[in-house]
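Me: I have a structure to go through with you. Can we take it topic by topic?

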Amino acid sequence: MPFFGFKGGIHPDYNKSSTSGKPTETLPVRVGDKFYLPLSQHIGAPAKPVAAKNQQVKTGELVAEAGGFISAAIHSPVNGKIVSISHVVHPMAGRMEGIVIEADETNDNYEPVSDEGSFQQIIQRAGITGMGGATFPTHVKLSPPKEVDTLLINGAECEPYLTCDHRIMLEEPLKVIKGAVLIKEKLNIKNLIIGIEKNKPDAIQLFKRYGREYGFELVPLYVKYPQGGEKQLIKSCLNRVVPEGKLPVEVGVIVHNVGTAAAVYEAFYERKPLFERIVTVTGAVVTPKNLRVRMGTPILSLIEACGGFLGVPKKIVMGGPMMGMAVTSVETPVMKGTSGIVVYREEDMPDLTKYPCIRCGRCVDACPMLLVPSIMDRFVKREMYEELEQHHVLNCIECGCCSYVCPSRRTLVGGFKTSKRHIMQIIKERGAKNA
Amino acid sequence: MPDRKFLVTFSPHDRHPETTNKVMMTVIIAMLPIIANSIWYYGYYAVKGYVLTALFCVGFEYLFDKISGRPIAIKDNSALLTGLLLAMNMPAAAPWWTMLVGSFVAIVVSKQVYGGLGQNPFNPALVARVFLLIAWPVEMTSWVRPSPVIHGFLFDTVSSATPLGTLKSDLIAHGHVVTANLATYTDQLIGNVSGCMGGDGAIFVLIGGLFMMNRKIISWHIPVSFLGTLFVFTGIIWLINPQRTIDPFLHIISGGAMLAAFFMATDYVTSPVIKRAQIVFGIGCGLIAGVIRIYGSYPEGTGFAVLIMNAFVPLLDKYMRPLSFGEVKK
Ligand code: SF4
Ligand code: SF4
């Protein structure tokens, strides 16, 4: 299969070697540990609690149901008691509505989800969301409104530092593959492609062996960030361009992350709801690790399991360094989309001295969506939303390539994120007026 | 453990190591061969010129920031860069006060009043050069004959016309090129001809330019389209009538064309950010320079050409914006 590639993108330092060779360890649950489950861990409506305070719950038991079609159910990660339904720390919102469960028993079994209804209903019941970070509810993607001819499984893991997808591919390749084949068969999709970046040669070797048996095509991907961006991956592997403002189904493709494929496998064949995941804990910790942890575990527990901080921590990022969120507190819990924890010390931080934009054009060359960040940034500063819309800021995938390369350290992507929200609001209001 | 306060910033959390002050420093390093070459040929005058313009430019930057209450920006190295570029665009024997006035025009009039670094539409060093050329045409066209340092540090000046100046006066006087008066390729390449301090010595400019390309400071788009167009345009005229002008190769290595193409036209602030717009920009520069050299009354046209194209940069960036990924043409 030819490789088409995409324009733009960057080559950051990948820094994956401190965890890529380390088998996943399980973080044990201790009696008395508390687990914090925000009701909004996914894109879409928040989940609605279905359990009450002081109620005893079992691992895998439903504690909050999906708040709509685009929403995801939440299950208890442990056997324990609900100690409160109030506010928990959330990286994006500061604090938000959530359920706190205290473990009173350690166990490895779980309450299976019922196998009634359609494939999509089972996946929805298991609370599966995209595991790559965007956390879009998976059953929605599995209900395409159009004909799909290709299922693309994303094993790019192009974010620096993160190795959790790499480990899943090495340790549970058949879960990934069988999960993918399952989706392909259930949705009647013709082609299955698995894309893995070339910096994971061991995973590529391993998957090659299964290609014929399971009927998929393996595409080794050129190493470039954001190779794993949905639109970039589709362009690279299939040379199809998803139109602006549209989803991949528009060009007959759905994309799932390798972790999601494995989760789909577990939900369907093992009836396992999504109550744990693998998290790469790295950066300035004593022993960086890949950890299998229960949802809702405060990140401090993960850092302690890695021997604690190395030196004085200055910044903690949830997710990868390119798109992850800096958190304010070590109480922030692991959620469905938490792929990594990266700790920075003062000395690990890049030089962030700001200068005025010198119009060097680096951001323009780096943007994988072919936008003009330097010019858009001027409109951001002046809150000129109409101009921003005309410069297609809504097409921005928030990959951060522009800010990464900017020698003047302009807050490019940060401004675009905020502006996009404003513009969406303006468009909504416009629609309301016209209706 | 008590909850510490952690730093919260927008993503991304890692950055490319290149920073603006380093970029400027790399350009300055790229200029070293040119500076060394001018000191070789102009001795004391070159040293004086570079030191004075650098001091004046950095000084004005500092003073203006201080007076207007802006953060002191001299650390970004851009004023130093402007100063050195200005010296390269002046005759070696230009009096010190032209350097003072030139630095004022470059830093204060053409940069700071527009809002400082990144805001100026025109290349500051070129604005200063053109201003001086108009205000003090005599001082700005009193050229010194180069004399290698090994023959003693140059103190006494022997005036001499530039090769392109001679060409122009020959054309006016005789109506054709006087071959005997032309500079040799070698002299032109190594800078052994009179002219602006940094404009000749095409080899050294090229070394600096290639160094900047190697360090990914500039791309090929502007220099290649600029020099390519100048070459083709003057080449056509020359092929039609070899008596009308010098050969195209001599054109691109003469009179600061190289310096303009690699160091002036590529100035980030005053050139397009979009690659294909840069090509159009370069073609425009080459064409205007060629037209001025052949049909204009000035022997040299690259500085004017760059300034004129500077004015089109906002339009080029606006109308040559590529379609974004998946954008549907309306
Ligand atoms: S990378 Fe930064 S300095 Fe360069 S053009 Fe873009 S915003 Fe301006
Ligand atoms: S964050 Fe947006 S503007 Fe910046 S490079 Fe990515 S897509 Fe382009």
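Me: Where does Pro226(A) lie in chain A?
Reply: Pro226(A) is in the loop between strand S11 (217–221) and helix H7 (230–238) of chain A. Helices (H or I, at least four residues) and strands (E, at least two) are DSSP runs, numbered from the N terminus. This is a predicted model, where local features need pLDDT of at least 70, side-chain atom pairs count only at pLDDT 80 or more, and totals for chains, interfaces and linings use all residues. Residues are numbered from 1 along each chain as its sequence is written, chains are lettered from A and ligands numbered from 1 in the order in which they are written, and side-chain values use heavy atoms, with hydrogens and water left out.

Me: What kind of peptide bond joins Tyr225(A) and Pro226(A)?
Reply: A cis one, with omega about -5 degrees. The bond from Ser11(B) to Pro12(B) is also cis, omega near -5 degrees, and Pro12(B) sits in the segment before H1 of chain B. Most peptide bonds are trans.

Me: Now the contact. How many residues does it take from chain B and from chain A?
Reply: Chain B gives 42 residues and chain A gives 66, where contact means heavy atoms within 4.5 Å. About 4,600 Å² is buried between the two chains, 59% of it from carbon and sulfur atoms. Buried area is the accessible area (1.4 Å probe) that two parts lose on being put together, summed over both.

Me: Which three residues supply more than any other three of what chain B buries?
Reply: His13(B), Arg15(B) and Phe325(B), which supply 19% of the area that chain B buries against chain A.

Me: How many salt bridges between chain B and chain A?
Reply: Three, a salt bridge being a side-chain nitrogen of Lys or Arg within 4 Å of a carboxyl oxygen of Asp or Glu. Asp317(B) pairs this way with Arg359(A), with the closest N and O atoms 2.9 Å apart.

Me: Where is Arg359(A), and what is its phi?
Reply: Arg359(A) is in the loop between strand S17 (340–345) and helix H10 (362–366) of chain A. Its phi is positive, about 60 degrees, although Arg359(A) is not a glycine. Most residues other than glycine have a negative phi.

Me: And over all chains, how many salt bridges?
Reply: The whole structure has 28. One joins Glu230(A) to Lys141(A), the closest N and O atoms being 2.8 Å apart. Glu230(A) lies in helix H7 and Lys141(A) in helix H3 (residues 138–141) of chain A, so the pair ties together parts 89 residues apart in sequence.

Me: Different topic. Which residues make the nonpolar surface patch of about 580 Å²?
Reply: Tyr185(B), Phe231(B), Val232(B), Ile236(B), Ile240(B) and Phe249(B). Such a patch is made of residues with over 30% relative accessible area and no salt bridge, nonpolar side chains (Val, Leu, Ile, Met, Phe, Trp, Tyr) being joined within 5 Å. Helix H9 (residues 221–240) of chain B gives the most, four residues, while Phe249(B) lies in helix H10 (residues 248–253) of chain B.

Methods:
Patches are made of residues with over 30% relative accessible area and no salt bridge: like charges are joined within 9 Å, nonpolar side chains (Val, Leu, Ile, Met, Phe, Trp, Tyr) within 5 Å. Accessible areas come from the Shrake-Rupley method with a 1.4 Å probe; for residues, only the protein chains shown count as cover.
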